[in-house]
Amino acid sequence: MTPRLVVHELSKHFGGIVAADGVSFELLDAECLGLIGPNGAGKTTVCSIIAGEQMASAGTVRLDGHDLAGLPVYQRARRGLSRTYQRLEIFPEMTVRDHLLVAQGVHDGATGLLGDLMGSGGSSQLQKNAAEETLELVGLGDYADVVVGTLSLGSCRLVELARSLVVNPRVLLADEPSSGLDSLESVAMGDVLQRAQRERGLSIILVEHDLEMVARLSDRVVVMQSGLVVATGSFDEVMADQDVRDAYLGVGK
Ligand SMILES: Nc1ncnc2c1ncn2[C@@H]1O[C@H](COP(=O)(O)OP(=O)(O)O)[C@@H](O)[C@H]1O
Ligand SMILES: [Mg+2]
């Protein structure tokens, strides 16, 4: 079976800083791969390169066997790559549903087949149905018409996640989805990610400091430190590794 995503010998230099140094891993179909490591390890850099937001200094990223080199963000998105950010990016005055419909409009483009199916400037029935389904999936079905600015941070993060999922990606790059959430909200976020993985066959790269969530969701874990992959294996395997213990104990969280 071809892995969904293959990251091979990826490196990224920022001047003298080596943010990623020969990073290699594979993400299988419907797998959740935890990507962990102390702050500054290079996790976000790797996600940004996969998503096409930053260019690698060296190395390749393959999605379903195709080299993504040179493809801009939107073309990678159309091939099934979606990402969420550490920082919240929502529009407080817009409703929950509109966040999803706008994301679909951007993703599908205003022209082409889907554009033809759309009403006068509105969203197609297909898009509306996908938005409803996705809001149900993340547990926000009752909040479609609510203005996002009135929601809790936990719900805002679910809106963000729903916006990434509404275009039905094959691979989700989730960069610290529980950032800023309390423990109950984090558990809810983990539940939703797990549901998306199981019900939609979504493959997930889960960058997370919340190790309980990583342990619960991840089929395998990749540990980075100072740009290098220092361990790959099951959660228990990598946690038993002395290099990993040193990385975590040595550099704070
Ligand atoms: N745009 C940038 N310019 C310069 N240095 C950067 C940039 N982005 C990240 N870095 C550096 O690269 C290293 C890895 O950062 P990052 O990928 O954000 O780590 P993580 O997400 O694991 O905390 C850090 O030393 C960081 O300061
Ligand atoms: Mg980061």
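Q: Which residues surround ligand 1?
A: Ligand 1 is surrounded by Phe14, Ile17, Ala19, Pro38, Asn39, Gly40, Ala41, Gly42, Lys43, Thr44 and Thr45; a residue is near a molecule if one of its heavy atoms lies within 4 Å of it. This is a predicted model, in which local features need pLDDT of at least 70, side-chain atom pairs count only at pLDDT 80 or more, and totals for chains, interfaces and linings use all residues. Residues are numbered from 1 along each chain as its sequence is written, chains are lettered from A and ligands numbered from 1 in the order in which they are written, and side-chain values use heavy atoms, with hydrogens and water left out.

Q: What lies 2.8 Å from an oxygen atom of ligand 1?
A: A backbone N or O atom of Gly40 lies at that distance of 2.8 Å, and so does a polar side-chain atom of Lys43. For Ala41, a backbone N or O atom lies 3.2 Å from an oxygen atom of the ligand. Taken alone, ligand 1 exposes 560 Å², of which the protein buries 62% (accessible areas by the Shrake-Rupley method with a 1.4 Å probe; for residues, only the protein chains shown count as cover).

Q: Which element gives the largest share of that shell?
A: Helix 1 does, with three residues. Helix 1 (43-51) and strand 2 (17-27) each supply at least two residues; helices (H or I, at least four residues) and strands (E, at least two) are DSSP runs, numbered from the N terminus.

Q: Strand 2, then. What is the strand order in its open sheet?
A: The four strands have the order 2-1-4-5, with antiparallel pairing (two strands pair if DSSP finds at least two bridges between them). Strand 2 and strand 5 (66-67) are at the edges with a single partner strand each, so one side of each has no neighbour in the sheet.

Q: How many bridges join strand 1 to strand 2?
A: Seven bridges join strand 1 (residues 5-14) to strand 2. Leu10 has Val23 in strand 2 as its bridge partner.

Q: Changing topic: which residues touch the most other members of the largest nonpolar core?
A: Leu165, Leu172, Leu193 and Leu206 do, within a core of 32 residues. A nonpolar core is a set of buried Ala, Val, Leu, Ile, Met, Phe, Trp, Tyr and Cys residues joined through side-chain atoms within 4.5 Å; buried means under 20% relative accessible area, exposed over 50%, and partly exposed in between (1.4 Å probe, protein chains only). Helix 6 gives the most to this core, with six residues.

Q: Leu172 is the bridge partner of which residue?
A: Leu172, in strand 7, is the bridge partner of Ser82. Strand 6 and strand 7 (residues 171-175) run parallel and are joined by four bridges. Both faces of strand 6 (residues 81-84) are covered, with Leu81 and Arg83 buried on one side and Ser82 and Thr84 buried on the other.

Q: And where is Ser178 found?
A: Ser178 is in the loop between strand 7 and helix 7. Ser178 is buried, at 8% relative accessible area. Its side chain is joined to that of Glu208 by a polar contact of 2.8 Å (a pair of N or O atoms within 3.5 Å; within protein, one must be able to donate a hydrogen and the other to accept it, and residues adjacent in sequence count only if both atoms are side-chain atoms).
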